[in-house]
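Here is a friendly briefing on how the side chains in this protein model pack together. Keep the viewer open and look up each residue as you read.

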Amino acid sequence: MMNYLSKLDGALQAQPIRAISCDVFDTLIFRHAGTVEQFWQQLAVQAYQLGILCNDDHEAFIEYRKEAESTARRQMMQREGHREVRLEHIYACWSSAQGEQLAQLEQQLEYNNWRLNPVLVEWLASQQQRGLPIVLLSDMYLPASLLQRFFSTKAPQLLLHRIYVSGEYRASKQDGGLYQRLLAEQQWSPASVLHIGDDKITDLQMAKASGLSACHVGLGDDYLAQLKYEQRLFPLAIPGLERLRRQWRWLSDGSASSGIASHVYAPVLYAFARWLIVRCQQQGITTLFCLLREGDVIARLVAQIPGHTLTVKTLAVSRRSSLLPSREWSLELLHPLCQRRGYTLAELLEDLGLECSPVWFQHRLCTLSALVQTPLWLEVLSWLETVQPQIVAHLQQQRQWLLQYLVQQGVTNAPEIAILDWGCGGSLLQNLHQLAGLDDVTYFMFYASQRASRVALGQKLQVFQPAACKGWASQLAAYPEVSEILLNGVLNSTRSYQRVDGGGIAPVGVLRPDESIRHDVYLDNFTKTVLHWGKLATETGWLEQGPSLSERHHFVAILYRLIAYPMWQEACILADLPIPLTAGESNPLVSQRDIMLLKESVGSGEQAYQLLLDGVNPILQTCFWYPGTAALAFPDQLQLCGELATYQDDEKVAPVLLQLLQEKNKVETALYGAGDLGLRVYELLTKHGIRVTHIIDRRAEHGSLYMNDIKVITLAEASNLKLRTYSVASRAFCNEMVKAIKSTCDNASCVVEIFTYKGCV
């Protein structure tokens, strides 16, 4: 996979470059607070604490700040014919006398919030040594002098040739004017300048429209969408989180596993590790045992974090290896096993120390949940009654060996000991407690279903997930396989124990499916990313005091969003992960059969979501990951449902257009709109096999414009080409765009079809 530095080196080699122009925010600088809105929230908090603001509603301040900037830009357009403003113009529109104080505070906080992108800084410095001058271009209301002071202090090795700020030059990258000022002042030929930036419109499209070479180093559309959805679930700015996520883009190899790990699991697991360390220190716990397999990566994260004396070990104990040995045998124990998803007859017989009868051999891979519906189940029950003494003897032996294994590993009933399980109903911790009488031991889990409350009453159980989001925990518990497969990595699960040479006890692993082994590179890279991300977080001092209760709530929201509302790309990445069955067999996490069944049952993502709420459709029982199935059946439509649904939001345009075109069996279309939304529509349509033949935009009337290397044309040019299918990439201006297409292109000689987010015209 190509990372950003390889991409930049390739851009330099593609043609002769004599200067480099670089965007500033989210390219060369990241805000510690996160997004600009999160920074404004921090500004509101501090202004209130200092007595500058008397309103403690920080969200209100953000809205007022946005309105002040919009007003300043409108006034500037009326006064001078452009929309570029400086900070003093914005706060001149502030309704209170505190405008000047707020402007000073915002500038000071901005400076304190900035963090360098060290990877890009070093790359630029190396190009500077080769003789290439470095200039900065920013659509920004802050002064160039502030940026100059920052880079002189924080990156003195980077000697900037010039800094161009839109508010001072009265021109922007957005309208192309700032690029023209750069070229005119420096007398450089456009193609000899390489511009680097994160925005597809201002840093890529408009740079190319101005004749510059351009290299797009974006934050990633999926990440930006993910961030928006997480804030809808639980709005909270965790200082340093987004800076780390954005920095990782420059360290990543660009692989699919790196994306899922760095955006979701790495921050969640690192926060969990920090919480564990703080809790153990507070309670005098000196040894933490993490249960395999999910506990392995958590144990490695905790161990690599400095500043604590906690001893971290792993235990090869699973629900399967501990449930039956921890209880007195009776046929009643089969009831919870029949409810366990994917648990087969072969596994049951193996766990009871029995050989599979040749008569049942063909049914050995049948799950108990399916088998109980057949007459064969009564045969099995009858036979198990006849071999009860053999079962009891086997389970007593396993109980003895498991106890010896725990002692061998150093597990004792002491308050200095803690045991960690990833999460769900706490049954595994209950098994250990019941088996070994570990009354004084502390137990930790990341999340807990409702069943864990009973465990907490009898044991010292502490859960990272706040009780306020127990509804989310029930969804995590409904689809545990997603996290389990990723966290388990390349490790084998434990099914039983055996005595080995020397008298010790060793765990007996489950045979890994062939399909799982084929995913080893993916799973190993996932684990390495989590650990590497953790080292980066430690170097920055992130969450040193552990996460607060509200921050824990937000971290659970991050994981819940992936499990309950996966985006299409995420579901694609995870769909083929193997669910292990038995004897080396496996099923994919999401099967094509389930996708087709769902599409035959309902016609949209909204209807698929309603099936989930109703909870009675049989497909819910057969799917290992129903939200992932819905995401693949109806791309990017889940995000329009439930807790993520919003009114009058542009994100509905692309998935609705895709569905309408697919329903009409359209394989190609012209696209009206070459802005941000147009880009999103273009990428979604082409990703799903619909060819965009032409791109139309009014801006093409004023100069040469390209989108994804396709020349943008005017509506008049489209009319001359007799195009018959148009897709409108807009919500706010949909009606006037439809009217323009009809008046220009729709006539007796060429009847057109127009697709909009409202339907087909």
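Trp-542 touches Ile-238, Pro-239, Gly-240, Leu-241, Leu-244, Pro-267, Tyr-270, Arg-274, Trp-533, Ala-537 and Phe-555, leaving aside residues up to four places away in sequence; contact here means heavy atoms within 4.5 Å. This is a predicted model, where local features need pLDDT of at least 70 and side-chain atom pairs count only at pLDDT 80 or more, while totals for chains, interfaces and linings use all residues. Residues are numbered from 1 along each chain as its sequence is written, and side-chain values use heavy atoms, with hydrogens and water left out.

**Nonpolar cores**

- A nonpolar core is a set of buried Ala, Val, Leu, Ile, Met, Phe, Trp, Tyr and Cys residues joined through side-chain atoms within 4.5 Å; buried means under 20% relative accessible area, exposed over 50% and partly exposed in between, with a 1.4 Å probe and protein chains only.
- The largest nonpolar core has 100 residues, and Tyr-265, Trp-542 and Leu-598 have the most contacts inside it.
- Helix H13 (residues 256–282) gives the most to this core, with 15 residues; helices (H or I, at least four residues) and strands (E, at least two) are DSSP runs, numbered from the N terminus.
- A second, separate core has 64 residues, including Ala-68, Ala-72, Leu-102 and Leu-142.

**Aromatic rings**

- Rings of Phe, Tyr and Trp (its six-membered ring) pair if their centres lie within 6.5 Å; planes under 30 degrees apart count as stacked, over 60 as edge-to-face and the rest as tilted.
- By this rule the count comes to 28 aromatic pairs.
- One of them is the tilted pair of Phe-61 and Trp-94, at 5.4 Å centre to centre with 50 degrees between the planes.
- Phe-61 lies in helix H3 (residues 58–80) and Trp-94 in the loop between helix H4 (87–92) and helix H5 (99–113), so the pair ties together parts that are 33 residues apart in sequence.
- Phe-61 counts as buried at 4% relative accessibility, and Trp-94 counts as buried at 11%.
- Tyr-405 and Tyr-497 also form a tilted pair, with 5.4 Å between centres and 35 degrees between planes.
- This pair links distant parts of the chain, 92 residues apart: Tyr-405 is in helix H20 (residues 388–409) and Tyr-497 in strand E13 (residues 494–499).
- Both Tyr-405 and Tyr-497 are buried.

**Charges over rings**

- A charge sits over a ring if NZ of Lys or CZ of Arg is within 6 Å of the ring centre and within 35 degrees of the ring normal.
- Arg-31 lies over the face of Phe-39, 5.9 Å from the ring centre.
- The charged end of Arg-340 sits over the ring of Tyr-343, 5.2 Å from its centre.
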